[in-house]
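Take a look at the model below.

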Amino acid sequence: MMNRFVLSACLVLLFGVSVSAGAEQAKVVSVNQFVEHPALDSVLRGFQDQLREEGFQVDYRVHNAQANMATANLIAQQIVGERPDLVLAIATPSAQAMAQTVKKNPSMQKTPILFSAVTDPLGAGLVKDLQNPGENITGTSDLTPMDQHLALIREFHPEMTSLGVIYNSGEANSRALVDLLKVETNKAGIKLEEATVARSSDVFQAARSLVGRAQAVYVPTDNTVVSAFEALAKVCQDNKLPLYAADVDSVPRGAVAALGFDYYEHGRQAGAMAARIFRGADPATTPVETQQELELHINLPAAQAMGVTIPQALLDRAGKILE
Amino acid sequence: MTWYALLGAVEQGLVYGIMVLGVYLTFRVLNFPDLTVDGSLPLGAAVCAVAITSGIDPFLSLFLAMFAGFLAGMVTGFLNTKLGILHLLASILTMIALYSINIRVMSGPNVSLLGRDTILDPLMGLGLPGYLSSIVLFSFIGAAIVIFLIWFLHTEFGQTMLATGDNPRMITSQGVNTHSVIIIGVGLSNAMVAFSGALIAQNQGAADVNMGVGTIVAGLASVIVGETVFGRGGIMRAVIAALLGSILYRLAIAMALSMKLGAFSFTPSDLNLITALLVVLALTAPKIKARFFS
């Protein structure tokens, strides 16, 4: 038994002495990303591109929790030991794990922490005030302007009386978004038909449940549904049910249109924030930002397959049209 | 691996270790593979978080969580024994039902505890940094539960549980009602899992409906790693091995996270693969050793 113990202790040491040393003048940025996912990966890419363009040499320590909360917390502890100049936490669970680590490790109380791809930073307990975060945590929120999204769909379908929405009721972000959407549809006198899923494999069935109930379908920035977007697009095509998304990455995957939440731009915005902090800005007084520049993307083949005629005004406004 | 990462892994190992002790009780003692834990861990977290946010004392909240977990486990036991549903399926049914129930309990998928008083605050108030107070506290709680479990398994009821897992036919012929033993046993196991979930929520600053994903994998892997490294002879040794196995399992993941080997470098997405390989290594180590060193 002793031998085994010694053996495992040796293994610990062997793998332990492996942290690579970066160039001395380079900034160290540790990344706690919750899950590997095209939109979240884009956030990181945008962040890195922005910092590079602003002339910062950065040594990245990227960790991915593979959608496991225990791992996200383990990563948070790992990051404390990396003594980074700044931490980027991508998605709500990772941001919460980092926030708790700050509370528990006095050495982290001076390290700026930026969150990204968090829809409801107040509800998640990350900041006490969006304008004045107060501590070392601030970031960019991917809260989408729901009023503009609904207005866009109504431009495509002026006669619409019922809108379907499909989301994972277990995602805090999605729940917050659908609550906002409900406020907007109520105002417009449109009936909101909800279909909820618990995992990606439920998307196909949930999409079919909307056929006949809704005249169009909207997908918020929901990790579960977006990862199975093709299944949803197929159901909508087969039933001539127009499909709209909240992020432009879903347009080439089969949505008729999206008023562009671009996660790459979202990442760049967080990168610009990081650059300001490196130049001396205080996170405590740096307000939480949401994306302002929205771009309209339209997918013509998808529109045709779902029986949508696109008003000329929208075609003129589109930033990108897929033929 | 840095000092903080090491401490972090020990902390995670201890706090999830209480869940592992619960899994040990069903998996090894009762011979009942119980997937309820993927749902009862977040249930404990949810109950505890809601209790704390509505003003109930953080310590008292732990017991409410434990009670909720006990009920959830009893449901699985009931489905299995009284309704005759296969144990694996019975536990899956309870697990998926708990997903919806947990969202109901929290009236949403996530309850934040950031900025709330938790059981860690009294210790941190004494001047101990947070990352150490959690280790001190969880060692204490882990030791208490290990002692309770060893005592419990030596009581008459505990011995009946061991016999029920070993040979249900024999124990039935001796006039013991295995149904109630299984219902209470699975209930007790899930009470421990929910207790663990409640501690995790207080430690990580939030309860989330998805935090249970993979609990059973971690639980079984920890039990097996513990057995492989520390042996499984005798109740006392097996129970302690389960808790230590949990720490080794988290250390293995922490190692995988900080691994960089020469020109070939792992990407973050390799983490699950590396974790699986480490567990396979733990499982096969005794056989390899027997083949080459005997």
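This is a predicted model. Over all chains, the structure holds eight aromatic pairs. Start with A:Phe56 and A:Phe278. Their ring centres lie 5.3 Å apart. Their planes sit at 50°, so the pair counts as tilted. Now find these residues along the chain. A:Phe56 is in the loop between helix H2 (38–53) and strand S2 (58–64) of chain A. A:Phe278 belongs to helix H10 (residues 263–278) of chain A.

Move to chain B. B:Phe152 and B:Phe157 make another tilted pair, with 6.0 Å from centre to centre and 55° between the planes. B:Phe152 is buried, with a relative accessible area of 10%. B:Phe157 reaches 30%, so it counts as partly exposed.

Next, see where the chains meet. Chain B brings 55 residues to the contact, and chain A brings 47 residues. Together they bury about 4400 Å², with 59% of it on carbon and sulfur atoms. B:Tyr4, B:Leu114 and B:Leu257 supply 14% of the area that chain B buries against chain A, more than any other three residues.

One salt bridge joins the side chains of A:Lys103 and B:Asp121, at 3.8 Å from N to O. Helix H1 (residues 3–29) of chain B gives the most to chain B's side, with eight residues. That side divides into 28 nonpolar, 19 polar and eight charged residues.

How values were computed: Residues are numbered from 1 along each chain as its sequence is written. Chains are lettered from A and ligands numbered from 1 in the order in which they are written. This is a predicted model: local features need pLDDT of at least 70, side-chain atom pairs count only at pLDDT 80 or more; totals for chains, interfaces and linings use all residues. Side-chain values use heavy atoms; hydrogens and water are left out. Contact means heavy atoms within 4.5 Å. Buried area is the accessible area (1.4 Å probe) that two parts lose on being put together, summed over both. A salt bridge is a side-chain nitrogen of Lys or Arg within 4 Å of a carboxyl oxygen of Asp or Glu. Helices (H or I, at least four residues) and strands (E, at least two) are DSSP runs, numbered from the N terminus. Ala, Val, Leu, Ile, Met, Phe, Trp, Tyr, Cys and Pro count as nonpolar, Asp, Glu, Lys and Arg as charged, and the others, Gly among them, as polar. Rings of Phe, Tyr and Trp (its six-membered ring) pair if their centres lie within 6.5 Å; planes under 30 degrees apart count as stacked, over 60 as edge-to-face and the rest as tilted. Buried means under 20% relative accessible area, exposed over 50%, partly exposed in between (1.4 Å probe, protein chains only).
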